[in-house]
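Hi there,

Here is the structure I promised to pass on. Please have a look at it first, and then read my notes below.

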Amino acid sequence: MNQTVTETMTMPGPEAEAPPEMSDQEAVAALVATRDSLARRFIDRDTEAQLLALTIAAKSNLTLVGEPGVAKTALVRDLGQAIAGARYFEAQLAADTPAQRVLGPYSIPDLDRGVFRVNYAGMLPDSHLGLLDEGYRANSVLLDNLLSLANSGERLLLNGPDVVQTELWALVIACNALPDPSDERIEAFRDRITLTRIVPSVRTDDGRVRILRGQLSRARGDTVSLAPIVPVSRAAVERVQALVPQVEADDAFLADALRLWRSAEEAALPVSARRFGEVIRLCQARALLAGRPACLPEDLTIAEHALWCDPDDQPTAYEVCLAFASRFAKRLAELSRAHQEMGEEYADVMGQIETIALGDDLPEELSRAAVNLNRKLKALEAKVKDDRDAAERETGSGGEFSALLERVGADARRVQERAFGIGS
């Protein structure tokens, strides 16, 4: 049985008064402030907030894929509502969703004249930011109708005899699972969705407690405790979008980009010329939001979210792009691997500890293992903190180090509480 189509929803942002004339720097700063406030509003969603801001700035497309309940839809919806004066569209798709539920109903007067033309007011072609929930479940007819609209270099609606230039900035697909990479039905549409981010579940105890507290607050109708989103005007966003093509991508940068492209092909990562062109524009957006007038090799690391369609290829794309990362990004990858390598030891020690009743002494061998694990975690925690502080001093940003620091610290506290009664 096909999934029931839920109600298509259009949620325009609040209309804003005409903003005073702003400088280029003020426009960029406004979008960055919105991005950062979005990241603070959600637990462990810094990367997703960054990708959403880049997607809008570069007028590109993004897939957010992950388990139900990881805030994929909420992130996009909150951003859409934060852009004053912009039009936001959202729809839940299924295999039997007709194209008209996304593009608009047929115009009855035109049908009477034998012309198939849709009235797209308030629908996806009339929006600036669109979210298609479970978009890859759509049928071939709907996907084919979306091709020109999803093409970021076109954004066209083929409406009967008319070709309409739309104002769509970005299209986001939220889904619980990605389509089969070998599915030819989806191939052309999938190639137009440049970035893909696998949204992880929150795993730390501290993060989960914060989520539960937020849910309790919302159930009481208390939204004050939620981190507010700094609004940004449509005019500011459009100013940023106009600045992106002006960011310099010189011959040296393009040589690095070609080296990345060749490396991707050698690693059997298929990438079309269209998609790689999108990568370059995203690099320009990344440089702009970082306050730079020109692209650097490290901007190419954004391609780790663009060089793959099959989830099995995602680690390979990450490794290919790591060669272009800044020293802090490489250091973060090194520290993250060190934490991952402790995972098996952590699971083994904590699994044994959980079999011991609270208040009982641990066996000597298990106690030694817990002390050793705690020592390793605290040493890693100190290294991550040092690198986070250095990144903040030199780049003004240490968000990903902070997220890793929280995960390592949570593991250390859990060991201390259960093994030694510290903090319990």
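I will begin with the second largest pocket: its lining residues divide into ten nonpolar, five polar and eight charged. In that count Ala, Val, Leu, Ile, Met, Phe, Trp, Tyr, Cys and Pro are nonpolar, Asp, Glu, Lys and Arg are charged, and the others, Gly among them, are polar.

Before going on, a word on the basis. This is a predicted model, in which local features need pLDDT of at least 70 and side-chain atom pairs count only at pLDDT 80 or more, while totals for chains, interfaces and linings use all residues. Residues are numbered from 1 along each chain as its sequence is written, and side-chain values use heavy atoms, with hydrogens and water left out.

Back to the pocket. Its volume is about 660 Å³. A pocket here is an open set of points on a 1 Å grid over the protein atoms alone, where a 1.4 Å probe fits, with protein on both sides within 12 Å along at least five of seven lines; lining residues have an atom within 4 Å of a point. The volume is the space filled by probe spheres set on the points, which are joined across faces, edges and corners. Of the 23 lining residues, Arg41, Phe42, Ile43, Ile211 and Arg218 are the closest to the centre. Two or more residues each come from α1 (24-41), α3 (72-82) and α8 (205-219), and α8 gives the largest share, six residues. Helices (H or I, at least four residues) and strands (E, at least two) are DSSP runs, numbered from the N terminus.

Next, the aromatic rings. There are four aromatic pairs, counting rings of Phe, Tyr and Trp (its six-membered ring) whose centres lie within 6.5 Å; planes under 30 degrees apart are stacked, over 60 edge-to-face and the rest tilted. One of the pairs is Tyr106 with Phe116, edge-to-face at 5.6 Å centre to centre and 70 degrees between the planes. Tyr106 is in the loop between α4 (100-103) and α5 (108-112) and Phe116 in the loop between α5 and β5 (129-133), so this pair ties together parts ten residues apart in sequence. Tyr106 is partly exposed at 35% relative accessibility, and Phe116 is exposed at 54%. For these labels, buried means under 20% relative accessible area, exposed over 50% and partly exposed in between (1.4 Å probe, protein chains only).

Another pair, Trp261 and Phe276, is stacked, with 4.7 Å between centres and 10 degrees between planes. Trp261 sits in helix α10 (residues 251-266) and Phe276 in helix α11 (residues 273-289), 15 residues apart. Phe276 is buried at 3%, whereas Trp261, at 22%, is partly exposed.

Helix α11 also holds Leu282, which is buried with a relative accessible area of 0%. Leu282 and Ala58 are 224 residues apart in sequence, yet 5.6 Å apart in space, C-alpha to C-alpha.

What about disulfides, and how many does the structure hold? It holds zero, with a disulfide taken as a pair of cysteine sulfur atoms within 2.5 Å. The sulfur of Cys295 has its closest cysteine sulfur in Cys283, 5.7 Å away and so too far for a bond.

Lastly, two backbone details. Lys59 and Glu134 each have a positive phi of about 55 degrees although neither is a glycine. Lys59 is partly exposed at 34%, while Glu134 is buried at 6%.

Best wishes
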